[in-house]
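Keep the viewer open and follow along.

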Amino acid sequence: MKVLVTGAKGFVGRNLCEELKNIRDGKARHYGDLSVDKVYEYDINSTREDLDRYCSDADFVFNLAGVNRPKDEREFMEGNFGFASTLLDTLRDHNNHCPVMLSSSIQATLMGRYAESDYGRSKKAGEELFFDYGRETGSEVLVYRFPNLFGKWCRPNYNSVIATFCHNMAQDLPIQVNDPKTELELLYIDDLVSEMIEAMRGRPHRCDYDGLTPVASPKGCYCYCPVTYRVTLGEIVDLLERFRDLPRTLMIPSIPEGSFAKKLFSTYLSYLPREKAIYDLSMNADQRGSFTELIRTPTTGQVSINISKPGITKGEHWHHSKWELFIVVKGHALIQERKIGTDELIEYEVSGDHIQSVYMLPGYTHNIINLSETEDLVTVMWANELFNPDLPDTFAETVEPKN
């Protein structure tokens with residue numbers, strides 16, 4: 001399949017083109033037997049001859065070109081309606097009836113706060129142009145009304161509040177929130193790209209509109225992405241503040257699979273300047289080695305790195321309910337555990353040459369001994385709960401029973 005993307009250097013276009021190239025180059029195998037032979041990238045610096053050549057050869061067209069922030073509002077109609085007309089005329093010239101997708105906007109509903117929107121009127125005119133083209137030529141037309149978009153590579157201080165907030169937070173710049181209770185409908189760029197590729201495969205999600213709300217309908221006039229999020233500005237800022245503070249707190253908020261928080265975190269990280277992509281950790285070091293917390297979580301404990309000097313024994317304590325995993329990643333160690341109140345001893349000899357995970361059992365005092373005379377022992381340690389100095393659940397007792 002040969003795919004034409006107009007507006008290829010914009011936010012959506014860039015993300016879409018990179019995924020199409022992944023498919024073309026065999027790097028995105030999760031799309032199964034989908035084949036992309038060529039990706040034609042058309043943007044503001046492309047020529048009329050480029051458009052003519054691409055339209056003669058394309059098997060599918062994504063029209064993402066448009067004007068969002070013109071100096072003169074009259075440019076909305078010229079940029080959004082005018083280019084769409086040129087594109088469709090060029091396809092007509094080549095008698096190319098391939099499917100065409102149009103990126104419209106929820107503002108094209110011209111409802112509520114969008115009623116007087118010149119941008120919305122230009123998008124609505126573009127929609128009608130595409131529908132007329134479909135009726136005239138029999139070409140499949142797929143019109144998507146995008147809500148607020150977010151994700152990597154989105155331009156800050158332009159038309160995305162998420163991009164602006166992420167950029168400013170990453171740069172320690174102020175943000176302005178007039179009403180933290182304002183709710184937005186948000187669509188993540190990777191979810192949108194997945195939907196667009198499904199549309200290219202002939203499997204778009206179709207809908208009609210009930211006001212501003214898409215209503216799924218197999219024969220609907222419009223298309224939509226079914227995965228969006230309704231989030232308030234206050235909730236967005238709260239999450240971003242926690243992401244920003246992570247190098248200090250080590251606390252990773254709950255980010256379940258598919259959640260808005262997970263996608264926002266990825267977006268925020270994409271705006272970090274290079275000097276903030278690295279940060280110091282607090283090493284608690286002494287003559288025995290060091291212990292360093294790596295990450296903390298609100299529900300699933302914490303991860304640390306323990307370094308033991310040659311011949312050193314660490315641990316020699318037990319817990320009522322807390323439990324841990326010890327994973328030696330470098331060196332040679334003996335892990336011992338003894339059930340409290342008994343002489344029952346279990347031992348595990350482990351090394352970084354064959355990485356294994358060992359449970360520190362509740363009710364068993366335990367230690368870890370560096371068996372090497374020359375090499376440091378490096379152990380990843382996970383505890384199922386955060387350390388609470390007011391309730392440490394940690395009691396000193398040697399593993400070797402006292403006679």
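## Helix pairs and a pocket

Helices α5 and α7 run roughly parallel to each other, because their packing angle of about 30° falls under 35 degrees. Please bear in mind that this is a predicted model. Helix α7 covers residues 233–249, and its axis lies 10 Å from that of α5. The crossing of these two helices, α5 and α7, is right-handed.

To see the contact in the viewer, select V161, I162, F165, C166 and M169 on the α5 side, which meet L233, I236, V237, L240, E241 and R244 of α7. Sorted by class, this α5–α7 contact has 9 nonpolar residues, 2 charged ones and no polar ones.

Helix α5 also packs against α8. Here α5 (residues 161–170) and α8 (residues 260–269) have axes that come within 9 Å and cross at roughly 55°, so the two helices are oblique to each other. Again the handedness can be stated: α5 passes α8 in a right-handed crossing. From α5, the residues I162, C166, M169 and A170 take part, and α8 brings F260, L264, T267 and Y268. The class count for the contact of α5 with α8 is 7 nonpolar, 1 polar and no charged residues.

What about α1 and α6: how are these helices oriented to each other? They are oblique, since their axes cross at roughly 60°. Helix α1 spans residues 11–24, helix α6 spans residues 189–200, and their axes come within 10 Å. The crossing of α1 and α6 is right-handed. In α1, the residues F11, V12, N15, L16, E19, L20 and I23 meet I189, D190, L192, V193, M196, I197 and M200 in α6. By class, 11 nonpolar, 1 polar and 2 charged residues make up the contact of α1 with α6.

| Helix pair | Crossing angle | Axis distance |
|---|---|---|
| α5 and α7 | about 30° | 10 Å |
| α5 and α8 | roughly 55° | within 9 Å |
| α1 and α6 | roughly 60° | within 10 Å |

Now for the pocket. Which residues lie nearest the centre of the second largest pocket? They are F291, N306, H317, E324 and M381, out of 25 residues that line the second largest pocket. Strands that give two or more residues to this lining are β12 (283–286), β13 (289–296), β14 (302–308), β15 (313–318), β16 (324–330), β20 (364–370) and β21 (377–383). The second largest pocket holds about 580 Å³ of space. Its lining has 8 nonpolar, 10 polar and 7 charged residues.

How values were computed:
Residues are numbered from 1 along each chain as its sequence is written. This is a predicted model: local features need pLDDT of at least 70, side-chain atom pairs count only at pLDDT 80 or more; totals for chains, interfaces and linings use all residues. Side-chain values use heavy atoms; hydrogens and water are left out. On a 1 Å grid over the protein atoms alone, a cavity is a set of points where a 1.4 Å probe fits but cannot get out, and a pocket is an open set with protein on both sides within 12 Å along at least five of seven lines; lining residues have an atom within 4 Å of a point. Grid points are joined across faces, edges and corners, and a volume is the space filled by probe spheres set on the points. Helices (H or I, at least four residues) and strands (E, at least two) are DSSP runs, numbered from the N terminus. Ala, Val, Leu, Ile, Met, Phe, Trp, Tyr, Cys and Pro count as nonpolar, Asp, Glu, Lys and Arg as charged, and the others, Gly among them, as polar. Axes are lines fitted to C-alpha atoms, for helices over the stretch in contact, and angles run from 0 to 180 degrees between N-to-C directions. Angles under 35 degrees count as roughly parallel, over 145 as roughly antiparallel, 65 to 115 as roughly perpendicular and the rest as oblique. A crossing is left-handed if the near helix is turned anticlockwise from the far one by less than a right angle, and right-handed if clockwise. Contact means heavy atoms within 4.5 Å.
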